[in-house]
Amino acid sequence: MKVGIIGFGSIGTEVAKALIKGVENFSLTGIVSRSKENAKKRISQLKHEIMIYDLDDLIEKCDIIIDCAPKEAFRDIATTCIKNKKPLICLLYTSDAADE
């Protein structure tokens with residue numbers, strides 16, 4: 001399955017590493033990141049070619065989407081996946097310490 005990652009911070013990068021390392025029947029097609037400069041830096045550290053797309057293009061090209069973006073982006077991501085009939089996996093990190 002072709003996998004797209006939306007959000008390429010710490011969590012998205014770790015998901016990409018796992019896919020690059022090898023997950024049977026899954027391959028990384030590309031990413032979406034609000035900061036293309038930061039994404040390019042992270043990609044160069046992985047030493048693996050990863051394409052950066054806009055949201056609509058990535059969702060169109062992939063079989064499944066993994067959302068690693070901040071929660072504020074969820075509505076747009078989910079709506080676009082639903083419109084395109086694409087499965088969406090959401091990885092959210094919350095911490096009580098973040099609210100303090």
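Good morning. I shall begin with Cys-81, which counts as buried because its relative accessibility is 1%; buried means under 20% relative accessible area, exposed over 50%, and partly exposed in between, with a 1.4 Å probe and protein chains only. Please note that this is a predicted model, in which local features need pLDDT of at least 70 and side-chain atom pairs count only at pLDDT 80 or more, while totals for chains, interfaces and linings use all residues. Residues are numbered from 1 along each chain as its sequence is written, and side-chain values use heavy atoms, with hydrogens and water left out.

A disulfide is a pair of cysteine sulfur atoms within 2.5 Å, and a search of the whole structure finds zero of them. Cys-62 is accordingly in no disulfide, and its nearest cysteine sulfur, that of Cys-81, is 9.3 Å away. Cys-62 also counts as buried, because its relative accessibility is 1%.

I turn to the sheet. Helices (H or I, at least four residues) and strands (E, at least two) are DSSP runs, numbered from the N terminus. Two strands pair if DSSP finds at least two bridges between them. Five strands form an open sheet with parallel pairing, in the order S3-S2-S1-S4-S5. At its edges are S3 (51–52) and S5 (88–90), each pairing on one side only. S1 (residues 2–6) and S4 (residues 64–67) pair over four bridges in the parallel sense, and Gly-4 stands opposite Ile-65 in S4.

Next, the loop between H4 and S5. Lys-85 lies in this loop. Is Lys-85 buried or exposed? At 76% relative accessibility, Lys-85 counts as exposed. Lys-85 and Ile-64 are 21 residues apart in sequence, and their C-alpha atoms are 9.7 Å apart in space.

Finally, the interior. A nonpolar core is a set of buried Ala, Val, Leu, Ile, Met, Phe, Trp, Tyr and Cys residues joined through side-chain atoms within 4.5 Å. The largest has 15 residues, of which Ile-5, Phe-8, Ile-31 and Ile-50 touch the most other members. S1, H1 (10–22), S2 (27–32), H2 (36–46) and S4 each give two or more residues to this core. Another core lies apart from it, with eleven residues, including Ile-6, Val-32, Tyr-53 and Cys-62. In soluble globular proteins, nonpolar side chains tend to be buried together. Thank you.
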